[in-house]
Amino acid sequence: MNNVEIKPYDQLNMQLSHSSGIEFLEYVSDKFADYVPNYYFMPKYQSGSWDGKIRFFHNYNRTLPYGLLFDYIKVHKKYFKTLDNLSVDPFIKDYFTGIDLDNLDFEWDLKFVPYWYQEEAIRTALKYKKGLLRIPTGSGKSIVQAYIFKILLENNYVEKPVIIVPSTTLIQQFYYDLIDYGFSEETLGVYYGKKKELDKTLTISTWQSLINFSYEALQDFDSIFVDEVHTGKAAKVNELLRNMDTQEWRLGCTGTLPSANTDLWSIKGYSGPILRSYSASELEGYISKCTVNMIQVHYKSSYTNFESFDDAKKTIFKDPFRINLIKQLINSKDESFMILVGMVEEEGQYLKDRLEESFTDKEIVFISGKTPVEDRDYWRLECDKRNDLILIATYGVFQQGINIKSLKNIIFAAPFKAEIKILQSIGRSLRQHSSKLKDGSQVYDIIDMTQYFEKQSNTRKKHYDMEGFNILNFEANERNNTFMKSVN
């Protein structure tokens, strides 16, 4: 009889015990291997020393990360029907056995009572102990996490949790959010830069600050919560999660998960399976409705003979017709705008200089990774108070977790196609606010109908469709001096 048993290997990995020979192992390895996005541009692939794939199943010890348990079960049922039996060791099941909430007394007594989907996400996370919650940005991820911390701490399931966020800006925001919800300031510590508070009950830190901790020091935390967990595909974040191998409670939360297998498996491996996932369209009424205005820009110049993608990007970004289009979008509304760019000097500072030439009644502010955390937070709060701000920011700074409730207008000024970047950036405008009751949020996607960039817009549109955003199509044509003409 050909049996396959899944049993524990160590704290973070499970092992396949089998009697089916080497061919079975090679087949499993193949099913848990895939190409890295853009592998064909990487030097190792181009030199022939690497095939472009990452493999998550290790043949020599027959192991997979525990977070891929349910992925393996699906693969097994689909491809290994000839094997007579699949069994899962009870100790593996214990990996995902959390709290029976029917026998636990707790109250929804923080500042906000959770909506139905928030309560569902909270209960599911507490039931399974390990895994991922995908909740759209703007729909209250932080209150979900706050209730999870509260219930676990009050019922002594954990004593010293750590919350890992991707940036120092989010440390401050998460800290003040928890206090606003009802957490005591005395229980919250932050760890980054010059501020290193490890003597509090709950610590908020970045992975960059924790990566240099010794193995022993990391085990002082008895539970891990990763906010914006999609950043967990980074090698250093994965290294950190592997080093933190004694924590039973391991939960992640994000507004966006990648579609590429290698990125998704990397995130799930040492966090856990996707426990709940909600799209923006599912939560209509709980987050602001969003309209994506896709503007096809036709230039007099053919723009076809570039030496490289970067050369094309730099040239087209500075095209006078394109800059004037951005100015006219801003001029069309007496409201604040956020304009997202990719490069600091070539795009952000250049655009700031051009806009200052035209607008004297608005304040133009450029924020990048070089901007101090305190200044970023200041301008975030100013956006909620004013309607005369043009806030230019790099995608990296304002892509993740930045809470600006009144933000209504976003311009994607730099061309790109990355799924995470797209949806996280749109998420900046999805929080409900009185100013959005009529029209919701407006995203302006500039599509350069040129070499390289027209194709990228098709990728972006797929992501918009998947989330259920309303899409309007426009055309701006330099040849006939058209600013924006509907092509729906």
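Before I start: a cavity here is a set of grid points where a 1.4 Å probe fits but cannot get out, and its volume is the space filled by probe spheres set on those points. I also keep in mind that this is a predicted model.

**Entry: cavities.** I looked for cavities of 30 Å³ or more and found three. Which residues line the second largest cavity? I noted Leu133, Gln145, Ile148, Phe149, Phe225, Leu251, Gly252 and Cys253. Two elements, α6 (141-154) and β13 (249-254), each give two or more residues to this lining. By type, I have six nonpolar residues, two polar and no charged.

**Entry: cores.** I turned to the largest nonpolar core, which has 69 residues. Leu126, Leu133, Ile148, Leu178 and Ile204 have the most contacts inside it. The largest share of this core, eight residues, comes from α6. Apart from this core lies another, of 44 residues, including Phe24 and Ile267.

I then followed Ile148, a name from the cavity lining too. Beyond its neighbours within four places in sequence, Ile148 touches Ile122, Ala125, Leu126, Leu133, Phe225 and Leu251.

**Entry: backbone angles.** Asn156 is not a glycine, yet its phi is positive, about 60°. I found Asn156 in the loop between α6 and β8 (161-165). Is Asn156 buried or exposed? Asn156 is exposed, at 63% relative accessible area.

Asn481, also no glycine, has a positive phi of about 60°. Asn481 sits in the loop between β21 (470-477) and β22 (482-486), and counts as exposed at 67% relative accessibility.

Technical notes. Residues numbered from 1 in each chain as written. Predicted model: local features only at pLDDT ≥ 70, side-chain atom pairs only at ≥ 80, totals over all residues. Heavy atoms only, no water. 1 Å grid on protein atoms, 1.4 Å probe; cavity = no way out; pocket = protein on both sides within 12 Å on 5 of 7 lines; lining within 4 Å. Helix = DSSP H or I, 4+ residues; strand = E, 2+ residues; numbered from the N terminus. Nonpolar A, V, L, I, M, F, W, Y, C, P; charged D, E, K, R; others polar. Core = buried A, V, L, I, M, F, W, Y, C linked by side-chain atoms within 4.5 Å. Buried < 20%, exposed > 50% of the residue type's maximum accessible area, 1.4 Å probe, protein only. Contact = heavy atoms within 4.5 Å.
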